[in-house]
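Here are a few friendly notes to read with the model open beside you.

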Amino acid sequence: MDRLKGKVAIITGGARGMGAATSRLFAAEGAKVAITDLLEDAGAALAAELGEAARFYRHDVSSEADWAAVVGAVEADLGPVDILVNNAGILLFRTLLDTSLEEYRRVLDVNLTGEFLGIKAVAPGMIARGKGSIVNISSVDGMKGANGLAAYSSSKWGVRGLTRVAALELGHRGIRVNSVHPGGVDTVMTNYEGAAREKVNERFGNIPLQRVGGPEEVARATLFLASDEASYLAGAEIAVDGGMLTGHYYTGMPGAPGV
């Protein structure tokens, strides 16, 4: 229960979904957690739930000024930042031709530029101390294509490239940079109707594990990369996707479920 003992972690988009699951897990593993989000009520409630282990900071990740203010406040309140989890993101279901330039830029501003700014904000302090871990949350849609996700997929492919460049440029300075690629996860972002987990599972019958993932399952992969257990990982890409990237079953064919 002490895999992050004594470490200070910033988790963006930490008020709900995968971010909240990661915040809870990091606190349970001994970290001091800075929960940042635009969802003030949810973020403040989660920080109160976690007690002395957590603080909440209102934060627009697409704003360079906000990043400077948040990192400064976290260092003053909790101490030097050891871990950054770039988790904040937004999802837009829209075909390429139906996506406006404004919508496209907004998704990239949050999902990609926000992570770029986060790395720039925390890296100087980590370099000065000669250590740090940055985990960028991408997506399986940053490793494949999907209809209806022009802006989202573009942003997540960008995160993948950004992570590799950062791993190269910061690894020899003591900072490990890696990425997590969730598949279908049962959060408000993807299950916005609040359907029962069993109902959501029906949408994933053609992948190996045949179910949607839980946010805590993604959090565990993030914890591993953030911890010293992943001391020799840099530029790694961990897909937490129930086997989605492995391939889809052709129903009724040999080897498929029920055949």
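1. Helices (H or I, at least four residues) and strands (E, at least two) are DSSP runs, numbered from the N terminus. Asn178 sits in strand S6, residues 175-182. Residues are numbered from 1 along each chain as its sequence is written. This is a predicted model, with local features needing pLDDT of at least 70, side-chain atom pairs counting only at pLDDT 80 or more, and totals for chains, interfaces and linings using all residues.

2. Is Asn178 buried or exposed? With 0% relative accessibility, Asn178 is buried (under 20% relative accessible area, with exposed over 50% and partly exposed in between; 1.4 Å probe, protein chains only). Beyond its neighbours within four places in sequence, Asn178 is in contact (heavy atoms within 4.5 Å) with residues including Ile134, Asn136, Thr163 and Leu233. A polar atom of the Asn178 side chain lies 3.1 Å from the backbone oxygen of Leu233.

3. Now to the largest pocket, with about 1100 Å³ of space. A pocket is an open set of points on a 1 Å grid over the protein atoms alone, where a 1.4 Å probe fits, with protein on both sides within 12 Å along at least five of seven lines; lining residues have an atom within 4 Å of a point. Its lining has 47 residues, with Leu91, Tyr152, Thr187, Met189 and Thr190 nearest the centre. Helix H1 gives the most to this lining, three residues.

4. Finally, Gln210 lies in the loop between helix H6 (197-201) and helix H7 (215-226). Gln210 is not a glycine, yet has a positive phi of about 55°. Most residues other than glycine have a negative phi. Gln210 is partly exposed, at 36% relative accessibility.

Definitions and conventions
Heavy atoms only, no water. Polar contact = N/O pair within 3.5 Å; in protein donor to acceptor, adjacent residues only side chain to side chain. Points joined across faces, edges and corners; volume = space filled by probe spheres on them.
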